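Subject: Structure for your files

Hello,

Here is the structure I said I would pass on. My notes on it follow below.

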Amino acid sequence: MQTAIPTVVMRGGTSKGLYFHESDLPSDKAIRDAVLLAALGSPDAREIDGMGGGHPLTSKVAVIKKSSRPGIDVDYLFLQVWPDRAEVSDQQNCGNILAGVAPFAIETGLIKANPDTTSVRIWMENTESIATAHIQTPGGKVNYAGEARIDGVPGSHAPIDIDFEDVAGSTCGSLLPTGNVIDVVNGVEVTCIDNGMPVVCLNAADFGLTGEETPAEIESNTEVKAKIEAVRLAVGEKMNLGDVEKKTVPKMTLLSPAKHGGAISTRTLIPIRVHEAIGVLGAVSVATACLIPGSVAQKISQLQSDESGVTRVDVEHPTGFFTVSMNVESEGMSVRVKKSALLRTARLLMRGEVYVPISVWSGK
């Protein structure tokens with residue numbers, strides 16, 4: 001007495017999730033969310049009765065369909081399923097799960113691969129913006145083997161290069177949603193930025209931290225977490241996000257001088273748990289802030305735009321680096337992002353059917 005739903009399990013970047021064709025899920029949003037909660041096994045800390053991994057990074061969903069938009073190949077909706085509560089959120093994008101969208105589209109017949117490299121233009125529904133993923137497809141088949149390495153994932157894999165188009169302000173309405181490079185909130189200087197992900201840049205030292213703390217150490221520091229959350233709640237309206245108490249954005253990123261040769265060191269709250277690495281689009285927003293004169297990030301990183309126009313920004317996180325290629329032009333208070341690009345990898349883990357109780361959904 002269960003309903004079988006076709007799905008693919010993929011690792012995308014440093015995340016893992018279930019990928020679905022939109023047509024295989026209920027069209028009613030409430031029923032769809034109930035199905036996804038059942039499929040992942042939420043709410044339960046271990047998600048033992050479903051396919052979730054008991055952590056926000058491994059409790060994710062991609063819903064994909066062939067696009068009807070001119071010049072776009074597929075539409076991608078990201079959904080965060082929370083292990084600790086019965087909630088499915090579409091409030092944010094996910095650049096890690098994005099890395100698996102093009103391989104999924106080819107593997108499941110939505111897109112026909114070229115004999116060498118295939119570029120897939122993706123409409124990201126959460127932020128109404130475009131990304132282009134370039135993947136290796138020798139002989140018309142997705143290649144997963146290669147020498148590309150990303151921190152947070154063991155081994156090496158085929159590279160997936162992703163270019164972002166016009167993601168600045170995609171959630172908040174502008175790159176600097178408050179209109180300022182620096183705001184003072186609860187006595188703390190912050191930089192609020194949205195280049196694909198709403199992020200609040202914070203100086204770790206302002207919270208009595210060195211920036212070298214482990215995620216577990218920060219999570220156990222209830223006093224620091226309360227101060228950070230108070231800032232987050234205060235900036236929600238300023239960032240055009242409204243009341244953010246029950247939202248997953250903005251992400252709060254504690255910054256400190258780089259420790260391992262990068263441009264800057266990060267610890268990111270998402271927003272309660274502390275990320276073991278850093279989200280793709282969160283890293284893009286932090287890298288962008290590093291190139292905006294006078295921002296919290298730039299003052300810590302001391303980074304300047306490269307004369308060539310494209311600057312490589314190595315963003316350190318608890319498990320390594322995240323490299324973003326940026327081209328940012330600043331003139332007075334005017335800031336323009338000309339390029340945001342990064343490297344990810346992905347791997348097909350399983351394809352088949354996930355089962356949910358018939359009481360949740362009887363199927364089509």
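Is Asp166 buried or exposed? Asp166 is exposed, because its relative accessible area is 72% and the cut-off for exposed is over 50%. Please keep in mind that this is a predicted model.

Backbone, positive phi

Asp166 is not a glycine, yet its phi is positive, at about 50 degrees. Asp166 sits in the loop that runs between β8 (160–165) and β9 (183–185). Asn186 is another residue other than glycine with a positive phi, here near 55 degrees. The loop that holds Asn186 lies between β9 and β10 (188–194). With a relative accessibility of 53%, Asn186 counts as exposed.

Backbone, cis peptide bonds

Ser42 and Pro43 are joined by a cis peptide bond, with omega at about 5 degrees. Pro43 belongs to the loop between α1 (29–40) and β3 (60–66). A cis bond also leads from Val249 to Pro250, where omega is near 0 degrees. Pro250 is placed in the loop between α5 (222–235) and β12 (251–256).

Surface

Which residues make the nonpolar surface patch of about 250 Å²? They are Met51, Leu349 and Met350. Of these, Met350 is located in strand β17, which covers residues 346–357. Met350 counts as partly exposed because its relative accessibility is 35%, and partly exposed is the range between under 20% (buried) and over 50% (exposed).

Regards

Technical notes: Residues numbered from 1 in each chain as written. Predicted model: local features only at pLDDT ≥ 70, side-chain atom pairs only at ≥ 80, totals over all residues. Heavy atoms only, no water. Patch = residues over 30% accessible without salt bridge, like charges linked within 9 Å, V, L, I, M, F, W, Y side chains within 5 Å. Areas by Shrake-Rupley, 256 points an atom, 1.4 Å probe, with all protein chains shown as cover. Salt bridge = Lys/Arg side-chain N within 4 Å of Asp/Glu carboxyl O. Helix = DSSP H or I, 4+ residues; strand = E, 2+ residues; numbered from the N terminus. Buried < 20%, exposed > 50% of the residue type's maximum accessible area, 1.4 Å probe, protein only.
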